[in-house]
Amino acid sequence: MRTVFFDIDTQIDFLFPAGALYVPGAETLMPALSRLNHYAAAHGIPLISTTCAHAEDDPEFRQWPAHCVLGTVGQQKPSDLLLGKRIVIPAAPGSFPVEGAGQIILQKNQLDLTTNPHFSRLLEHLKADAYFVYGVVTEYCVRLAALALLKTGKPVNLITDAIQTLRAADSGQTITECTGAGARLTTAAEVCAQ
Ligand SMILES: [Zn+2]
């Protein structure tokens, strides 16, 4: 079975207390996030790492504090979550071959990863039989990723100990919505034991 991991927005601005849009408690995910990304590398599992990649005056900053501005440290992923042979797919027209990449960084400047114009083509290229989704923020970008991948009809697994909410109250509701749409729940330990 060909699985694909989706590592959502695990960037310095979200993960750490000094970040521009810190997700409380997100730094505690680091061991699980690192384990998952390196498990993907060790097992030849394609790893898609979405990243918020904003301009300084991005329209999203009318709703959210400025965060993940291209060229800033906060926009980057912690080095422990980076794999070798990375390629970046910007949210812009162009041709971005992904052959041989160990990690595909899929940039976006909106919450929804499907706004990257290369998303559909990337899915066609990956030909996944199942998806595993983790990262931040549960009720925003993780939710949208899980729901978008569920539309492919393939199994989508949400790794519940490798996601984090901005508002704890939204966690249960989001998980109920995702499982109602067909997502399965799993843990990093369970995934990495396979
Ligand atoms: Zn953003």
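Biologist: Which residue in β2 is the bridge partner of Phe5?

Modeller: The partner of Phe5 is Leu47. Before we go on, this is a predicted model, where local features need pLDDT of at least 70 and side-chain atom pairs count only at pLDDT 80 or more, while totals for chains, interfaces and linings use all residues. Residues are numbered from 1 along each chain as its sequence is written.

Biologist: What makes β1 and β2 a pair?

Modeller: Two strands pair if DSSP finds at least two bridges between them. Strand β1 (residues 3–8) and β2 are joined by four bridges, so they meet that definition. The two strands run parallel. Strands themselves are DSSP runs of E with at least two residues, helices are runs of H or I with at least four, and both are numbered from the N terminus.

Biologist: How do you know that β4 pairs with β2 and with β3?

Modeller: We count bridges again. Five of them join β2 (residues 47–52) to β4, with Cys52 partnered by Lys108. Four join β3 (residues 86–89) to β4, and here Ile89 has Leu106 as its partner.

Biologist: Why are β3 and β7 called edge strands?

Modeller: Seven strands form an open sheet in the order β3-β4-β2-β1-β5-β6-β7, with parallel pairing. Strands β3 and β7 (184–186) each pair on one side only.

Biologist: Why is Val191 called buried?

Modeller: A residue is buried if 20 or more other C-beta atoms lie within 10 Å of its own, exposed if 12 or fewer, and partly exposed in between; the C-beta atoms are placed from the backbone. Val191 has 21 other C-beta atoms within 10 Å, so it is buried. You will find Val191 in helix α6 (residues 188–192). In strand β4 (residues 103–108), five of the six residues are buried as well.

Biologist: What makes Ile159 a contact of Val191?

Modeller: Contact is defined by C-beta atoms, placed from the backbone, that lie within 7 Å. Leaving out residues up to four places away in sequence, Val191 touches Leu36, Phe132, Ile159 and Thr186. In sequence, Val191 and Ile159 are 32 residues apart, and their C-alpha atoms are 8.3 Å apart in space.

Biologist: Which residues does Leu36 touch, leaving aside its neighbours within four places in sequence?

Modeller: Leu36 is in contact with Phe5, Tyr134, Ile159, Ala162, Ala188, Val191 and Cys192.

Note on methods
Contact = placed C-beta atoms within 7 Å.
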